[in-house]
Amino acid sequence: MRTNVGLNVGGAALCLLAATLPASAEPLPVTEVAPGVLVHQGAIAEPAPDNAGDTANMGFIVGDSFVAVIDTGGTPELGVRLREAIAARTDRKPVIVINTHMHPDHVFGNAAFAGVPIAGHANLRDALAARQEVYRQRLAEELGAGAAAGIAPVRVDRPVAEEVRVDLGNRILVLTAYPTAHTNNDLTVFDRKTGTLFTGDLLFVDHVPAVDGNATGWLRVIDRLERVPAVRAVPGHGPARVAWPGALDAQRRYLTVLVEGVRRVLKAGGGIQDAVAHVAEEERERWLLFDAYNPRNVTATFAELEWE
């Protein structure tokens, strides 16, 4: 189903404790990757005090009338800083926040945009509701209780089941929902005016991919993604912009190695420990954070394929 969303994108207010947030903060640095498309590049790292949880890419797109925000960072404070970056660049107001998926490094900054409707995959609300308290506790452990202040349940006011179009004023954004891949609630945002595709975590560059959905589904989604007529992409993690669709190649290779490696272990009668010890080791030098994520990816893929 395709739905056109007009300029009146108001509606139910986001249920967040915005009153606990600072009124202003230093704007996040942003790069204009295409006319009117601005991106803040997060660190390729695990959330920690030295990076203040700033580990994912986020950005905004400026139309003739309005602004769309795409992901908001890993803490309410980062959301405030993104809000200030928008105000420093344009007097047009955000009328929609688009979350590309449920992970906290992409959504906890929503608190800074109280009253702005949230769009996300039709599965986002339930997926995040099931995990948010765990995510919040983990954030407090990683960065301190203050970093998590202001977080409350996220409301998805504009669920996307297949495709939705948002008009910012002479600028159409196409929001597309995908079947289970990186997660079960992945969404992309395509700016038709500049050919820029915000992939969320359907694309990792330099940062090893993280499987929180299933690897075989992700490979199928990659085949679909490469047909999007974009000229550049903004990955969920990695550089602020990459060439399209060539940036998919390394990720496709990794996921293929992961799936084929797990299948070999299963065919040989090996167990999950064998798989974790050996699968995708040849990819180690090609990715950052390999030791943090590859064992999890192997474990998830073993569970996915064990009864294939």
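## Starting with a buried aspartate

A residue counts as buried when its relative accessible area is under 20%. Asp71 has a relative accessible area of 2%, so Asp71 is buried. Keep in mind as you read that this is a predicted model.

You can find Asp71 in the loop that runs between strand S5 (67-70) and helix H1 (76-89). The backbone deserves a look here too: phi of Asp71 is positive, near 65°, in a residue other than glycine.

## The loop between S12 and H6

Another aspartate with a positive phi is Asp206, where the angle is about 75° although the residue is not a glycine. Asp206 sits in the loop between S12 and H6. With a relative accessible area of 38%, Asp206 is partly exposed.

His207 belongs to the loop between S12 and H6 as well. Is His207 buried or exposed? Its relative accessibility is 3%, so His207 counts as buried. Setting aside neighbours within four places in sequence, the residues in contact with His207 are Ile44, His237, Trp287, Leu288, Leu289 and Tyr293. Of these, Tyr293 is one of the buried residues of helix H9, which we come to below.

The bond from Trp244 to Pro245 is cis, and its omega is near 5°. Pro245 is placed in the loop between strand S14 (242-243) and H7.

H7 itself has 20 residues, which should span 28 Å at 1.5 Å a residue; the end C-alpha atoms are 28 Å apart, so the two agree. Its buried residues are Leu248, Gln251, Arg252, Tyr254, Leu255, Val257, Leu258, Val259, Gly261, Val262 and Val265. These pack against strand S12 (196-204) and against H6, H8 and H9.

Gly261 is a handy landmark within helix H7. Its relative accessibility is 6%, so Gly261 counts as buried. Between Gly261 and Pro239 there are 22 residues in sequence and 28 Å in space, C-alpha to C-alpha. Just after H7 comes Gly269, with a positive phi of about 80°.

## How H6 meets H7

What angle do H6 and H7 make when they pack? The angle is about 150°, and the axes are 10 Å apart. Angles over 145 degrees count as roughly antiparallel, so H6 is roughly antiparallel to H7. The crossing of the two helices is left-handed.

On the H6 side, the contact uses Ala215, Thr216, Trp218, Leu219, Ile222, Asp223 and Leu225, and these meet Leu248, Gln251, Arg252, Leu255, Thr256, Leu258, Val259 and Arg263 of H7. By class, the contact of H6 with H7 has 9 nonpolar, 3 polar and 3 charged residues.

## Helix H9 and its cover

Helix H9 covers residues 290-305, 16 residues in total, and reaches 21 Å from its first C-alpha to its last, close to the 22 Å expected. Which residues of H9 are buried? They are Phe290, Tyr293, Asn294, Asn297, Val298, Thr301, Phe302 and Leu305. Helix H6 (215-225), helix H7 (248-267) and helix H8 (272-278) are included in what covers them.

The contact of H6 with H9 has 2 nonpolar, 3 polar and 1 charged residues.

H7 and H9 pack at an angle of about 55°, with axes 10 Å apart, and are therefore oblique to each other. H7 passes H9 in a right-handed crossing. From H7, the residues Tyr254, Leu258, Val259, Val262, Arg263, Val265 and Leu266 meet Phe290, Asn294, Asn297, Val298, Thr301, Phe302 and Leu305 of H9. The classes in the contact of H7 with H9 are 10 nonpolar, 3 polar and 1 charged.

Terms used. Residues are numbered from 1 along each chain as its sequence is written. This is a predicted model: local features need pLDDT of at least 70, side-chain atom pairs count only at pLDDT 80 or more; totals for chains, interfaces and linings use all residues. Side-chain values use heavy atoms; hydrogens and water are left out. Helices (H or I, at least four residues) and strands (E, at least two) are DSSP runs, numbered from the N terminus. The expected span of a helix is 1.5 Å times one less than its number of residues. Buried means under 20% relative accessible area, exposed over 50%, partly exposed in between (1.4 Å probe, protein chains only). Contact means heavy atoms within 4.5 Å. Axes are lines fitted to C-alpha atoms, for helices over the stretch in contact, and angles run from 0 to 180 degrees between N-to-C directions. Angles under 35 degrees count as roughly parallel, over 145 as roughly antiparallel, 65 to 115 as roughly perpendicular and the rest as oblique. A crossing is left-handed if the near helix is turned anticlockwise from the far one by less than a right angle, and right-handed if clockwise. Ala, Val, Leu, Ile, Met, Phe, Trp, Tyr, Cys and Pro count as nonpolar, Asp, Glu, Lys and Arg as charged, and the others, Gly among them, as polar.
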